[in-house]
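Subject: Handover of a structure and the findings from it

Dear colleague,

Please find below the structure that I am handing over to you. I would be grateful if you could read the notes that follow with it open beside them.

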Amino acid sequence: MDYATAQFGQLVTITVMAVALGMDAFSLSVGIGMKGVRRFDIARISGLIAIFHVLMPLLGMFTGLYVGHLLGAIARYVSGGLLVLLGAHMVWASFREEGAKPIDHTRLWGVVLFALSVSVDSFSVGVSLGMFRSSLLLTVLTFGFFGGLMSVIGLWLGSRVGKNLGDYGEALGGAILLAFGLLFIF
């Protein structure tokens, strides 16, 4: 496999993972959008989510590089296992009947906590990608872009459609991460 093909494959993988992680932000943003949001709120919420979708995988990748160095050859299986667990959890969480606790999107701390909560999954994926030594800058910028974009779309659609769209989005994102985890293992 030549270098260009490997780089393209890495770009596709990172983009698909970024979209899958963005589905979590999308699904919860739909719920907030249903409460009614102004353009300023959409920009503020999406901007913070984008920032956290950059910071969390960055921290995760540094952790993954260290853990990958410690684990050596089994790092591939550990990182794949992390993705399988994260994906399965996202799918399971999307079908639970419990409603999420609403946040106050008009307060800064509410938005910060919301952005952090939808970005925690990015840390775990960052750990997995760090073990594979994927491109740091490409990964964090792609995750940030899609995290912000998916939250904008979710907030906008939430103000116009029902809750079910968000639940299916989170399930799809989880299924994608689960599939990538299985690919890493096998």
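A salt bridge is a side-chain nitrogen of Lys or Arg within 4 Å of a carboxyl oxygen of Asp or Glu. By that criterion, the structure holds two salt bridges. Please bear in mind throughout that this is a predicted model.

Salt bridges

In one of the pairs, Asp41 is joined to Arg38, with 3.4 Å between the closest N and O atoms. In another, the side chain of Asp41 meets that of Arg44, at 3.3 Å from N to O.

Arg38, by contrast, counts as exposed because its relative accessibility of 52% is over the 50% limit.

Overall fold and confidence

The protein has six helices and zero strands, and its pattern along the sequence is accordingly written α-α-α-α-α-α. Of its 186 residues, 46% are buried. Among contacts with a separation of 6 or more, 94% are between residues 24 or more positions apart. The accessible surface of the protein is about 9700 Å², and carbon and sulfur atoms account for 72% of that surface.

The mean pLDDT of the protein is 81, and 90% of the residues reach 70 or more. Helix α5 (residues 136–158) has the highest confidence, at 91, whereas helix α6 (residues 164–185) has the lowest, at a mean of 73.

Annotated regions

An unreviewed UniProt entry places the feature "transmembrane region" at residues 12–33, 45–68, 74–95, 107–129, 135–156 and 168–185. In the model, the span of residues 12–33 is 100% helix and 0% strand, and its end C-alpha atoms lie 30 Å apart. For residues 74–95 the span is 95% helix and 0% strand, with 32 Å between the end C-alpha atoms.

A nonpolar surface patch

Tyr66, Leu70, Leu71, Ile74, Tyr77, Val78 and Leu82 form a nonpolar patch on the surface, and together they have about 640 Å² of accessible area. Helices α2 (39–71) and α3 (75–95) are the elements that each give two or more residues to the patch. One of the patch members, Leu71, is placed in helix α2. Leu71 is partly exposed, as its relative accessible area is 30%, which falls between the limits of 20% and 50%.

A buried serine

Is Ser128 buried or exposed? Ser128 is buried, because its relative accessible area is 1%, under the 20% limit. Ser128 belongs to helix α4 (residues 108–132). Apart from neighbours within four places in sequence, Ser128 is in contact with Ser79, Leu82 and Leu83. Leu82 is also a member of the nonpolar patch described above. The C-alpha atom of Ser128 is 7.3 Å from that of Met61, although 67 residues separate the two along the chain.

With kind regards

Definitions and conventions: Residues numbered from 1 in each chain as written. Predicted model: local features only at pLDDT ≥ 70, side-chain atom pairs only at ≥ 80, totals over all residues. Heavy atoms only, no water. Patch = residues over 30% accessible without salt bridge, like charges linked within 9 Å, V, L, I, M, F, W, Y side chains within 5 Å. Areas by Shrake-Rupley, 256 points an atom, 1.4 Å probe, with all protein chains shown as cover. Helix = DSSP H or I, 4+ residues; strand = E, 2+ residues; numbered from the N terminus. Buried < 20%, exposed > 50% of the residue type's maximum accessible area, 1.4 Å probe, protein only. UniProt positions renumbered as here; feature names shortened; annotations may be inferred. Contact = heavy atoms within 4.5 Å. pLDDT = per-residue confidence, 0-100.
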